[in-house]
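Dear colleague,

Please find below the structure I promised to pass on to you. My notes on it follow directly after.

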Amino acid sequence: MRVHHLNCGTMCPYGGRLMGKPADDPGPARMTCHCLLLETDRGLVLVDTGLGLEDIQSPTTRLSRFFVGMMRPRFDEDETAVRQVERLGLSPRDVRHIVLTHLDFDHAGGLADFPHAQVHLLADEAHAAQRRAGAIARGRYRPQQWSTAGSWQTYAPADGEDWFGFACVRDLVGLPPDILLVPLVGHTAGHAGVAVRADEGWLLHAGDAYFYRGELNTEHPRCPLGLRAYQTMMEVDRQARLRNQQRLRDLSYQHGDAVRVLCAHDPVEFETWAARSPHGQPPHPHAPQSPGVGLG
């Protein structure tokens with residue numbers, strides 16, 4: 001299985017160091033929407049989609065103005081998953097499956113760009129997104145993005161088996177056994193990690209189970225104050241979220257030789273992994289020669 005690391009949406013929130021920017025630069029921070037593109041013997045598979053073409057073209061009707069104002073996405077068509085698939089010389093029609101960590105707007109915006117794909121997610125996430133109970137839920141879950149809702153395949157965590165001490169859902173419909181859903185609730189009611197077994201071992205995309213690489217430090221976990229506050233604002237179950245963060249720290253410490261963990265929004269993590277893609281990240285037509293991880 002070949003794994004490509006794609007940034008499918010750059011966000012530039014104000015806050016400088018509070019949002020993870022290097023200490024010597026007070027300007028806007030930078031956050032990524034780290035997605036995976038998998039080349040499998042059953043076609044192409046996306047893990048999350050980031051923002052989509054329609055989000056870029058009509059952000060005021062597709063997205064919450066509150067979150068747009070807070071997170072300040074760039075709205076760059078060249079960062080969408082569909083355009084990056086094309087730049088890799090692949091056909092978007094060959095993206096046959098999308099596996100979602102959750103349905104937040106910055107993870108599911110590109111669903112409409114792959115209308116023929118089967119979408120896989122935990123049933124609790126689909127239920128929470130359809131209910132949209134409360135102001136935060138109405139902002140984070142955007143039904144305008146879900147033209148694929150008729151092709152959702154949902155799974156119950158109770159169906160899971162053991163995977164390095166985590167319950168997981170194996171045998172995702174139509175997918176190879178090397179792709180698993182790993183429930184990591186807390187950020188949302190049906191949040192999950194997606195585990196992928198590649199040639200070099202297991203890779204766990206932990207979605208928004210954590211936001212900053214320092215949170216996986218086993219001796220002194222740390223996270224910038226602004227990112228901590230944002231995670232607190234967005235959480236639906238604080239105890240579950242913090243418990244799953246600790247479990248991820250334990251996993252990284254105890255099984256780091258067999259499983260490597262990444263999250264969706266840390267730009268340093270993304271750039272490290274993108275360099276390991278088969279051909280690097282697809283070149284961005286308007287990227288500067290040497291982008292810094294703190295650029296907004």
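Helices, of at least four residues, and strands, of at least two, are DSSP runs numbered from the N terminus. On that basis the chain holds 10 helices and 12 strands. Please bear in mind that this is a predicted model.

I begin with the chain as a whole. A compact globule of 296 residues would have a radius of gyration near 19 Å, and the 17 Å found for the chain agrees with this. Along the principal axes, the C-alpha atoms fill a box of roughly 45 × 40 × 40 Å. Of the 296 residues, 55% are buried. Where contacts join residues at least 6 apart in sequence, 67% of them link residues at least 24 apart. The exposed surface comes to about 12300 Å², with carbon and sulfur atoms supplying 49% of it. As for charge, the chain has 30 positive and 35 negative charges, whose mean positions lie 5 Å apart.

His 205 belongs to strand E11, which covers residues 201-205. Its relative accessible area is 0%, and since buried means under 20%, His 205 is buried.

Gly 207 is located in the loop between E11 and helix H8 (225-234). Gly 207 is likewise buried, because its relative accessible area is 0%. Leaving aside neighbours within four places in sequence, its contacts are Thr 101, His 191, Leu 262, Cys 263 and Ala 264. Between Gly 207 and Asp 237, which are 30 residues apart along the chain, the C-alpha separation is 16 Å.

Arg 30 sits in the loop that runs between strand E1 (2-7) and strand E2 (34-40). Is this residue buried or exposed? Arg 30 counts as buried, because its relative accessibility is 12%. The side chain of Arg 30 is joined to that of Glu 271 by a polar contact of 2.6 Å.

With kind regards

Technical notes. Residues are numbered from 1 along each chain as its sequence is written. This is a predicted model: local features need pLDDT of at least 70, side-chain atom pairs count only at pLDDT 80 or more; totals for chains, interfaces and linings use all residues. Side-chain values use heavy atoms; hydrogens and water are left out. The radius of gyration is taken over C-alpha atoms; the globule rule is 2.2 Å times the number of residues to the power 0.38. Buried means under 20% relative accessible area, exposed over 50%, partly exposed in between (1.4 Å probe, protein chains only). Contact means heavy atoms within 4.5 Å. Accessible areas come from the Shrake-Rupley method with a 1.4 Å probe; for residues, only the protein chains shown count as cover. Lys and Arg count as positive and Asp and Glu as negative; His and the chain ends are not counted. The place of a charge is taken as NZ of Lys, CZ of Arg, CG of Asp or CD of Glu. A polar contact is a pair of N or O atoms within 3.5 Å; within protein, one must be able to donate a hydrogen and the other to accept it, and residues adjacent in sequence count only if both atoms are side-chain atoms.
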